[in-house]
Each structure stands twice: as C-alpha cells, then as structure tokens.
Amino acid sequence: MARLKEAKYIWMNGKLVPWNEAKVHVLTHAFHYASGVFEGIRAYKTEKLGTAVFRLDEHVERLINSAKIYRMELQFSHEEIKKAIIETIRANEHEACYIRPIVYRGYHSLGVNPFECPVEIAIATWEWGKYLGPEALLKGVDVMVSSWNKFGPNTLPAMAKATANYANSQLVKMEAVLNGYAEGILLNPDGTISEGSGENIFIVYKGVVYTPPLASSILPGITRDTVITILKDLGYEVKEQPIPREFLYIADEVFFTGTAAEITPIRSVDKVNVGNGDFPVVRKVQQMFFDLVDGKIEKYRHWLTPVYE
Ligand code: PPE
C-alpha cells in the first residue's frame with residue numbers, strides 16, 4: 001500500500017496540532033492493550049454540494065456506541081465530534097478525503113485495568129485512493145476463505161469498531177496477501193460466513209441478495225446499510241441470514257462493501273470463478289452508490305454533510 005499522504009493538521013482533544021506533532025507516549029494504554037475504538041469515514045467531492053461527508057451522523061453514532069461498549073467516557077458530545085471532523089477537513093483543505101477519528105485510553109498507569117487512564121480522542125484526515133487496488137472496483141478481486149476464523153460471539157464484541165478486532169483482521173489480511181489474494185473472508189466458528197478483514201460481504205444467488213446478519217459477528221457497516229437500502233430501492237429482495245460457506249462457490253455474484261472498499265466485486269473465491277464473470281447487480285449498485293455519494297439522488301441528500309459553506 002502507498003505511504004500515508006500527510007495532511008497539515010490532526011485534531012487532538014479539542015485542538016488542531018501539526019501533523020508531525022500528533023504524538024502519544026509509548027506507554028499509552030491503547031498501545032499495549034488495544035483499548036481503542038475508531039471510525040473510517042469518507043468525504044467526497046460532489047457535483048451538487050462541493051466536498052461532503054457521507055453519513056457523518058451514523059459514523060459518529062457508531063463511534064460513540066463502540067466507546068460505550070468498552071465503558072469509555074467521552075469528553076465530547078456527538079455534535080462536538082461532528083464539528084471537530086468538519087473543522088479538521090477544513091484545516092486540511094481537502095476536496096475529498098478519508099477521515100479517521102480514534103478514541104483511546106491514554107497515558108496514566110499500565111496494567112489491564114484501564115479505568116484510571118484518560119479517554120483521549122484524535123481525528124486525522126488524509127487522501128486515500130482505492131483500498132483494494134486501482135482496478136478492484138472495475139474488474140473485481142480474487143479472494144480466499146481465511147484459515148483464521150472470526151472471533152466468536154462473547155469473545156470480542158463485533159459491533160464495536162475496536163482496534164483489538166484488527167489483530168484478527170491482520171492475520172487474515174497477511175495470509176491473503178502472502179498467498180497472492182487481495183483479501184480474505186472470515187468464517188465464524190460454526191462455519192458460516194462473517195465478513196472480510198475490513199469489509200462486509202454480499203452474495204447474489206438466483207436473483208435474491210444475501211448478507212450475514214449482525215449475529216454473524218460482523219461490523220454493522222454503514223456502507224452495508226446503504227447498499228441494503230439501494231438494493232431494496234432497486235426492487236431486490238435482501239435476506240439477512242446465516243450463510244454457509246459453499247454459497248460463495250455457487251453464487252452468481254459476490255461483493256464487498258465498506259467505506260474504504262466502497263462496492264468491490266469479487267471475481268473468484270479460492271480460485272473458483274464467481275458466476276459467469278459479469279456483475280449486473282454489482283454494477284447497478286455501484287452506479288446508484290456513486291450517484292448517491294455524489295449528491296445526485298435527492299432522496300438521500302440528507303446523508304451528505306457539506307464541509308465548506
Ligand atoms: N467490516 C469490517 C471488519 C470493517 O473494518 C469495515 C470497515 C466494514 C466491515 C465496513 O464498514 P463501513 O465502512 O461502515 O461500511 N473498514 C474500515 C477500515 C479499513 C481499514 O483498513 O482500516 C473502512 O472501510 O474504513
């Protein structure tokens with residue numbers, strides 16, 4: 001992956017600090033015990049509204065919920081976090097960017113018990129290109145089913161977007177990359193499909209669209225929710241239900257959704273070609289998704305928060 005593209009400022013606990021000075025102590029609690037929760041948000045350069053953040057409210061809400069699950073008391077409200085995100089994008093003068101707010105237990109004491117450590121918050125923004133490679137959106141990606149399972153229910157809460165979850169994701173991603181694949185799909189301990197290391201998954205089979213339910217240890221993806229909405233608008237039946245692995249091999253279409261990955265078709269799974277190589281449903285969803293994030297669909301304009309006005 002390309003080196004991080006530096007912006008000018010990072011917002012930390014209420015203040016914009018120069019990018020290179022946005023540092024934490026090496027004994028920060030989160031660094032040792034993964035006591036952090038975060039978000040990944042995109043701001044698009046839209047035709048109608050200029051630079052606009054996509055589904056900002058839903059992302060801030062999920063961040064606050066993730067913090068709540070981990071008993072972190074945030075010093076900033078929903079509205080204050082929203083304002084800080086807009087302020088950071090403006091300070092960095094982005095036209096389009098990726099936004100990474102992170103809430104974490106800071107420096108105070110070490111040991112697993114995190115309660116004495118301050119709850120810090122930072123917001124970084126940068127320009128981020130295509131997550132699964134430049135041609136992924138067009139041609140699709142080759143993926144494998146990971147030998148690593150998704151963490152089971154009641155081990156780590158999958159509904160929290162916690163840094164800790166990404167230890168599991170990294171094992172999956174490294175295995176995939178080392179084997180020449182773009183991504184890995186995680187199965188639950190019971191063998192049903194969960195999600196990708198950083199994406200939700202959808203399967204089209206005989207005209208019906210399937211996606212694993214929240215109880216399949218998935219992140220409640222905001223792109224997932226957007227895509228379910230789009231699919232219903234397009235007249236498709238969407239079924240949120242546990243999905244057996246072998247659906248991947250007989251599917252007509254398979255695709256990933258995520259803020260970073262957007263709508264990425266999957267071309268093959270474990271070297272089995274998906275369907276006949278066309279992605280008619282994916283194409284329709286992509287079309288509507290990119291129109292939507294571009295402010296072209298009136299009905300969903302409220303999902304966009306203009307940055308400069
Ligand atoms: N599942 C996981 C595990 C996940 O990390 C993401 C987002 C999703 C599903 C999709 O969620 P949403 O973005 O709300 O539609 N992954 C973020 C981080 C990727 C990374 O490498 O870091 C992202 O897409 O921003």
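**Exercise 1. Count the salt bridges in the whole structure, then find out which parts of the chain the one made by Lys-8 links.**

Solution. Start with the total: a search of the whole structure, which is a predicted model, turns up 20 salt bridges. Now pick out Lys-8. Its partner is Glu-93, and the closest N and O atoms of the two sit 2.7 Å apart. That passes the test, because a salt bridge needs the side-chain nitrogen within 4 Å of a carboxyl oxygen. Lys-8 belongs to the segment before strand 1 (9-12), while Glu-93 is in the loop between helix 3 (78-92) and strand 6. So the pair links distant parts of the chain, 85 residues apart.

**Exercise 2. Work out how domain 1 and domain 2 meet, and which elements of domain 1 supply the touching side.**

Solution. First, get the bounds: the domain assignment gives domain 1 as 9-126 and domain 2 as 136-293. Their C-alpha centres are 26 Å apart.

Second, look at the contact itself. Here 21 residues of domain 1 touch 21 residues of domain 2. About 1,800 Å² is buried between the two domains, and carbon and sulfur atoms give 63% of that area.

Third, go through the polar side of things. There are 2 salt bridges between the domains, and 11 residue pairs are in polar contact across the interface.

At least two residues each are supplied by strand 3 (36-38), strand 4 (41-46), helix 2 (56-69) and strand 6 (97-105). Helix 2 gives the largest share, with 5 residues. Sorted by class, this side of domain 1 has 10 nonpolar, 6 polar and 5 charged residues.

One more salt bridge to look at: Asp-225 pairs with Arg-55, their closest N and O atoms being 2.8 Å apart.

**Exercise 3. Find the residues that come nearest to the ligand, and spell out some of the polar distances.**

Solution. Then check the side chains. Tyr-98 puts a polar side-chain atom 2.4 Å from an oxygen atom of the ligand. For Arg-100, a polar side-chain atom is 3.1 Å from a ligand oxygen atom. Finish with the backbone: a polar backbone atom of Gly-198 is 3.2 Å from a nitrogen atom of the ligand.

Technical notes:
Residues are numbered from 1 along each chain as its sequence is written. This is a predicted model: local features need pLDDT of at least 70, side-chain atom pairs count only at pLDDT 80 or more; totals for chains, interfaces and linings use all residues. Side-chain values use heavy atoms; hydrogens and water are left out. Domain bounds come from an automatic or database domain assignment. Contact means heavy atoms within 4.5 Å. Buried area is the accessible area (1.4 Å probe) that two parts lose on being put together, summed over both. A polar contact is a pair of N or O atoms within 3.5 Å; within protein, one must be able to donate a hydrogen and the other to accept it, and residues adjacent in sequence count only if both atoms are side-chain atoms. Helices (H or I, at least four residues) and strands (E, at least two) are DSSP runs, numbered from the N terminus. Ala, Val, Leu, Ile, Met, Phe, Trp, Tyr, Cys and Pro count as nonpolar, Asp, Glu, Lys and Arg as charged, and the others, Gly among them, as polar.
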